[in-house]
Protein chains: 2
Amino acid sequence: MALRYLSARLAQQIDDELMSAAGAFSLDQLMELAGLACAQTLAKVYDTTKYGRVLVCCGPGNQGGDGLVAARHLSMFGYKPTIYMPKPGSKDTYQRLHTQCKNMSIPTIESDNESLRNALKTSDVILDAIFGFSFKGPIRSPFDTALPLISAAGLPIVSVDIPSGWDVEAGNDAGVGLNPDVLVSLTAPKEGVRQFRGRHFIGGRFVPRTLEEKYQLNLPTYPGYEQIVDVTDFDPGQKL
Amino acid sequence: MALRYLSARLAQQIDDELMSAAGAFSLDQLMELAGLACAQTLAKVYDTTKYGRVLVCCGPGNQGGDGLVAARHLSMFGYKPTIYMPKPGSKDTYQRLHTQCKNMSIPTIESDNESLRNALKTSDVILDAIFGFSFKGPIRSPFDTALPLISAAGLPIVSVDIPSGWDVEAGNDAGVGLNPDVLVSLTAPKEGVRQFRGRHFIGGRFVPRTLEEKYQLNLPTYPGYEQIVDVTDFDPGQKL
């Protein structure tokens, strides 16, 4: 059975169902598991010794929240995360997640490009949690100038769900997106990443079987009690 | 540095601080990570092949909520959990966690002792999430009759935080508690389990370093990106 690649609309619908009265999940729960999966993906590929300094780039939406959760877990795992978050989200959850990071002594850099440039010079790897499956172009300030700076730094990039700047369905056709080495798709991969050729994981091990079957997600089998599964060797569209 | 064993009062204080405005954690977040650690502990010791049928015993408090989270994750890991929850908690979070289990097709047995007896006959292992660090004896109905039934079944038991029936500080001096094979202490071990001699894990990898230092918890180093750490070979009171 082939992995199903989700349209932006279906990704939103699954999220909505999980958090509906019937689905009963809270945003806090899903974000905690999603962010943990992101942190574990980075830790799986990039060890603390060589890649200890992680620049966690957070957008203003829920994906930025996943990034903040990931930053906290990375700190627990022994990494030295730094947060770049030029447009903090307004949700209460988002702000609490940021407070949790501050309580872990995780620094947040200033939002200007000069600060970003400096942070990039002292980082070993990027966690890209800027735009998620609800992204609609064009890329607005300050991310229009931040994305090229991040790309130009030449550091390894781990992107969450959809590489920032890619269209959720058309991918990087416009060529303005980041080019990550590693991707962690949350719940299920999005249409836009069919052409992604790097190391690919799926995280978000919380989809009930009934929901999986309803939308024929054909999720891969996670190993043991892991929260992520490596799907790199499953060619897009191929049978698992 | 020796592991610190917590009094009931200090355990409550740490919980309160984590969920205060300053600590900024939500109950949902902490319960998700705690329940995940419980499920992973069981999965670490008891494999799905021989111990697939898990009876998850939940009390009415927050520890019952950890149990419900663990039941859901165990189902994700390929186990067949069944819930025994004779006194459902009244908190909204508790009820939502139970709905999540129902959405995973995890059955909940009736609350009478006959149903418990039958469930024990078709189970391979118990997850004991009945009483936590806020337990104060004596043991009230229906748990006064349920605990002896669970003990008499002779199944392996994984207890969460404090084996049910044990005093949080005095341990099992009264001899009415369960005798688990495995214990998962959340955040840090409680005074009452100093005498526990089975396999011992710590979970709840969310305590900021500042809080850890403030209370001199001397937490062990978790391996890699794991959410649990095996402390069996650290004798209580011995240096790590």
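1. Helices (H or I, at least four residues) and strands (E, at least two) are DSSP runs, numbered from the N terminus. In that numbering D161(B) is found in the loop between β4 (157–160) and β5 (182–186) of chain B. D161(B) has a positive phi of about 70° although it is not a glycine, and with a relative accessible area of 3% D161(B) is buried (buried means under 20% relative accessible area, exposed over 50% and partly exposed in between, with a 1.4 Å probe and protein chains only).

2. On conventions, this is a predicted model, in which local features need pLDDT of at least 70 and side-chain atom pairs count only at pLDDT 80 or more, while totals for chains, interfaces and linings use all residues. Residues are numbered from 1 along each chain as its sequence is written, chains are lettered from A and ligands numbered from 1 in the order in which they are written, and side-chain values use heavy atoms, with hydrogens and water left out.

3. Rings of Phe, Tyr and Trp (its six-membered ring) pair if their centres lie within 6.5 Å, and planes under 30 degrees apart count as stacked, over 60 as edge-to-face and the rest as tilted. By this rule there are 10 aromatic pairs over all chains. In one of them the ring centres of F131(A) and F143(A) are 5.3 Å apart and the planes stand at 70°, so the pair is edge-to-face. F131(A) lies in the loop between β3 (125–129) and α6 (143–152) of chain A and F143(A) in helix α6 of chain A, so this pair ties together parts that are 12 residues apart in sequence. Both F131(A) and F143(A) are buried.

4. In chain B, F131(B) and F135(B) form a stacked aromatic pair, 4.3 Å centre to centre with 25° between the planes. F131(B) is buried with a relative accessible area of 11%, and F135(B) is buried with a relative accessible area of 13%.

5. Helix α2 (residues 27–45) of chain A and helix α3 (residues 62–76) of chain A pack at an angle of about 60°, with their axes 7 Å apart; axes are lines fitted to C-alpha atoms, for helices over the stretch in contact, and angles run from 0 to 180 degrees between N-to-C directions. The helices α2(A) and α3(A) are therefore oblique to each other, given that angles under 35 degrees count as roughly parallel, over 145 as roughly antiparallel, 65 to 115 as roughly perpendicular and the rest as oblique.

6. Helix α5 (residues 113–121) of chain A and α6(A) pack at an angle of about 20°, with their axes 10 Å apart, which makes α5(A) roughly parallel to α6(A). The contact (heavy atoms within 4.5 Å) is made by N113(A), L116(A), R117(A) and L120(A) of α5(A) and T145(A), A146(A), L149(A) and I150(A) of α6(A).

7. Two cis peptide bonds deserve a look. The bond from S141(A) to P142(A) is cis, with omega near 0°, and P142(A) is found in the loop between β3 and α6 of chain A. The bond from G137(B) to P138(B) is also cis, with omega near 0°, and P138(B) lies in the loop between β3 (125–129) and α6 (143–152) of chain B.
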